[in-house]
Amino acid sequence: MEHSTKTHLVCMALPFQGHINSMLHLAKVLHSKGFFITFVNTEYVHQQLLKHSGSFSAHAGLPDFRFASISDGLSPPDDDSDEYREDIRNILLATQENCPASFLGLISALNDPSSGVPPVKCVISDSFASFTLNATTKLGIPNVFYCTVAVCGFTDFYYCKDLIERGLVPLKSEDDLANGYLDTIIDWIPGMITVRMRDLTSFIRTTDRDELFLNFVMDGAHASSQGTAIIFNSFSELESPLLNACSSKLPPVFDIGPMCLLSQYIPNDSSTSSIGGLNMWREDLRCMEWLDEKESGSVLYVNFGSLTNLTSKQALEFGWGLANSGCSFLWVIRPDLVVGDAALLPQEFSEITKGRSFITSWCPQQRVLAHAAIGGFLTHCGWNSTTESICSGVPMICWPFFADQQINSKYICSVWGIGMEIDEDVTREEVEGLIKELMEGQKGKETKRKAVEWKEKAVEAAKPGGGSWRNLEKLIEGIIMKDY
Ligand code: UDX
């Protein structure tokens, strides 16, 4: 077999659904630019994808787009289970411990002349998969970090260190969670609007300086400084003050998003167009037929992403809020969404919402958001969900859960004007009220108008010749193809 002469890039995804989706979009875009791609997942995720993504196994053997996995030391998922059960903390700990060596092993193997693939020219790492630095530093290969969260999320994580140095974090006691301390104003983060501490990452709500999540996101953001360049899944118009502030302190910065839209402009002749999504749960396509029957803009889409957990009380408040709103809704309840009582919604709920509700466990979200029947999105504000909503011009009701979602929600509601936030202590009355306001009220109309405006700006950036494609060209010429 003739060996490829293409330039070889290795894309390393962080082992979480949203991060994998985002990296896959980027990998497809880079492939369309003529690169040979090896897309790497950790072993646990790889096994999960083999179970649920038909196209994954079928296309693992494309000549110039390959999938590979590295050992993370976790036990493989249970064969009979349809749930993605491994605890996030275990995943992070196992990744940090085992992946520096296994990633080095993979790159060394790919670079062996007998491997049959071109030598690795550059690694593209999720910016929170900085374990790749071990290999790229040892082997002298450039490492471009791909930031899969927003620039506001990245900045939030980056400045956790300053919050600690100023003595604001960790909290002095648990009382600080409820005594108004979280309303402390933070107006000194470069490029960021004035916020309250409660708008910043939920990971600062700890009394423990060594808390795993806090240190993971903070160290991850700072490790980006060691990258050859940083790519953001955002676009200039959306986050320009933050992008400018990042440019002044980090390696070269390129905003080339929204990636979910950029990947839709790949020419049809690209062989990767046949690779679908990579799903950790089985997609239920029947919801698309159900949406086809609904009037334009009449359905609220409810989805809390891949990692959120609700207590059964919270799930009931959302459920009854949806039921009492009288609105049609498509609600995705992942098998592991609700902690505790599995049988959460009573028979009465099904009777009241009959004909106007569709509940399933996983759906093709990007297609759902693009469907004409969708009029609003009740979301946890993960960055992928946020960008996918923006790209479809769908206004949001925000219930941020953790990580970067609080700051995403703040920007969605206060800066971009395309959402309304639900209080952390969710009640059915508030859910009902906000749904009515978004779907029928005056504020809803204004929010929808803004959402359509942002969609147009996103299209301007992501269409061929737009700002994001131009930045991508600069990244390829100035960083990836450079001789080091
Ligand atoms: C995690 C973090 O929680 C988030 O804050 C960070 O920005 C990215 O990683 P996650 O819960 O995975 O987020 O949410 P999100 O970023 O929105 O990604 C979820 C992805 O799964 C989206 O691309 C969405 O389209 C997809 N999805 C979700 C589906 O395809 N079907 C579903 O039913 C639900």
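Student: What makes the span of helix 19 agree with its number of residues?
Tutor: Helix 19 covers residues 467–480, and at 1.5 Å a residue its 14 residues should span 20 Å; the end C-alpha atoms are 18 Å apart, which agrees. The expected span is 1.5 Å times one less than the number of residues. Helices here are DSSP runs of H or I with at least four residues, strands are runs of E with at least two, and both are numbered from the N terminus.

Student: How do you know that the buried residues of helix 19 line one face?
Tutor: The buried ones are Ser468, Trp469, Asn471, Leu472, Leu475, Ile476, Ile479 and Ile480. Seen down the axis of helix 19, they fall within an arc of 160 degrees, so they line one face of the helix. That arc is taken from the directions from the helix axis to the C-beta atoms. An α-helix has 3.6 residues a turn, so residues three or four places apart point the same way.

Student: Before we go on, what kind of model is this?
Tutor: It is a predicted model, where local features need pLDDT of at least 70 and side-chain atom pairs count only at pLDDT 80 or more, while totals for chains, interfaces and linings use all residues. Residues are numbered from 1 along each chain as its sequence is written, and side-chain values use heavy atoms, with hydrogens and water left out.

Student: Why is Cys381 called buried?
Tutor: Cys381 has 0% relative accessibility, so it counts as buried (under 20% relative accessible area; exposed is over 50%, partly exposed in between, with a 1.4 Å probe and protein chains only). Cys381 sits in the loop between strand 16 (374–379) and helix 15, and its phi is positive, about 70 degrees, although it is not a glycine.

Student: And what makes Ala403 buried?
Tutor: Its relative accessibility is 11%, so Ala403 counts as buried. Ala403 lies in the loop between strand 17 (396–398) and helix 16 (405–415), with a positive phi near 60 degrees.
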